[in-house]
Amino acid sequence: MEGIRGSGKSFWWAHLSSEPHRKFIGAAFPETRFGDQVKVEQGFGAQPSSTDAPSQEVLAELVEAGYSARAIWRAVLAHKAQFGAPFPAAAKWRDRVQWVRSNAEDFDELLLKADQALQTDGKTLVILFDALDRLGDEWATIRPLAKGLLQIALDVRATKRIRLKVFVRPDMLQDREIIGFPDASKLLARKAALVWRRADLYALLFQCMGNANNGGREFRQVCQDSLGLAWTSSVDAWVLPLSLRTDEAVQEQAFIQLAGKAMASGPSGYKRGKPYTWLVNHLQDGLDQVSPRSFFAAIRLAADKTSDATSLPLDYKAIQSGVQAASQIRVNEITREDYPWVEIVMQPLKGRLTVPCTAKDVEVLWNNDKTLQQLRDRLKQSGLGVKLPPQKLDEGVEGVLSDLESLGLIKRLSDGRVQMPDVYRIAFGLGRRGGVKPLR
């Protein structure tokens, strides 16, 4: 499952492994196929200890001890598939991995036996993996572990009742050192994208509002009185009416009750846009994706900023402020946690560039500041290359622009000019004629 940061990968990793949550999902969304025939286990993620899955520290010890990534993940598979003797299920992880490395033929036999047992019981085992960026502190450690995990995911496709479900960010699936193994294309061809459409984002918002302890009953009543939509209860929760989940026209009417019809005052205020579409449009990245994290950050701050004197729960000016806050959060995630090198290439552009612009405009500013040379020097230092470094720095300006485009930070227009989506532009301090003001 491929998804950008903040798209909900860890949420699904946690909730799919929870039987009560799976039952709720199956009851609320009958089109899903969750049932007693599916057994779900957590293979790696934000687990609190290494009892059932190796922690980052345990992984580091195993790698330092010379165990291959494939042996490590095969040991996790053996543990989750409940291999019987002679696999040392009750031992420490080092002993489990050592057994796997020394008993390849026994491993294959026990895997076949576990698969046959699941088939006899009519069950399917799904092992979930998340937070691959936490596999290690250094990218040099993360890459081989991520590659080995994907290789094992491909290997188990040969079984009938065992599957690995890996939640992964797009940047890892673009890294040649991670997906550079035979038949990786077969695995990538089966990937699903965790993409949030506009209707999905508003459906999530309305579902949360309808179940809120404070205001939930009032919102459900508004849906009933203004739109003729009745909510139903299921498994101790209120279930969103189908049209509010899928019909954008109905969703827009519901959002009008919260934010009005226009992004400006006066009779011609609609020319500035409609809140329902404006909000999502200004949170999209260069890949035309919006994360629920950014969406809810904007909504939350807009609600806080809206004055009590306003007749609506969300004021259009507060929505603009919400987008500014979401932009700052998004940029902080990019520059402080994932790609520190992005801050280096963006710093010379702050307050000095208005988009859309030409690649030459960017090149002039980078040359004046010797940006790319600074980037090369910093990448040689420890600390900056922890996460994924630029892949095409050796190609110069166009290469770095291509890296930024692949991350969704910029878009190339049909005429070749460079555009930056507002969700990044505002916090990075770039101008755009007629757009939301950048942060200073």
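**Salt bridges and nonpolar cores**

Asp 175 and Arg 143 are joined through their side chains by a salt bridge, with N and O 2.6 Å apart; a salt bridge is here a side-chain nitrogen of Lys or Arg within 4 Å of a carboxyl oxygen of Asp or Glu. Asp 175 is located in the loop between helix 8 (170-173) and helix 9 (176-179) and Arg 143 in helix 7 (residues 139-155), so the pair ties together parts that are 32 residues apart in sequence. Helices (H or I, at least four residues) and strands (E, at least two) are DSSP runs, numbered from the N terminus. Asp 175 and Arg 143 are both buried, where buried denotes under 20% relative accessible area, exposed over 50%, and partly exposed in between (1.4 Å probe, protein chains only).

The structure is a predicted model, in which local features need pLDDT of at least 70 and side-chain atom pairs count only at pLDDT 80 or more, while totals for chains, interfaces and linings use all residues. Residues are numbered from 1 along each chain as its sequence is written, and side-chain values use heavy atoms, with hydrogens and water left out.

In total, 21 salt bridges are present in the structure. Among them, Asp 288 pairs with Lys 411, the closest N and O atoms being 3.3 Å apart.

Arg 412 is partly exposed at 26% relative accessibility, as is Glu 398 at 44%. Elsewhere, a network of salt bridges links Asp 133, Arg 169 and Asp 171.

A nonpolar core is defined as a set of buried Ala, Val, Leu, Ile, Met, Phe, Trp, Tyr and Cys residues joined through side-chain atoms within 4.5 Å. The largest such core comprises 70 residues, of which Phe 206, Phe 255, Leu 279, Phe 295, Trp 366 and Leu 404 touch the most other members. Helix 17 (residues 316-338) gives the most to this core, with seven residues. A second, separate core holds 50 residues, including Phe 44, Trp 93, Phe 107 and Ile 152.
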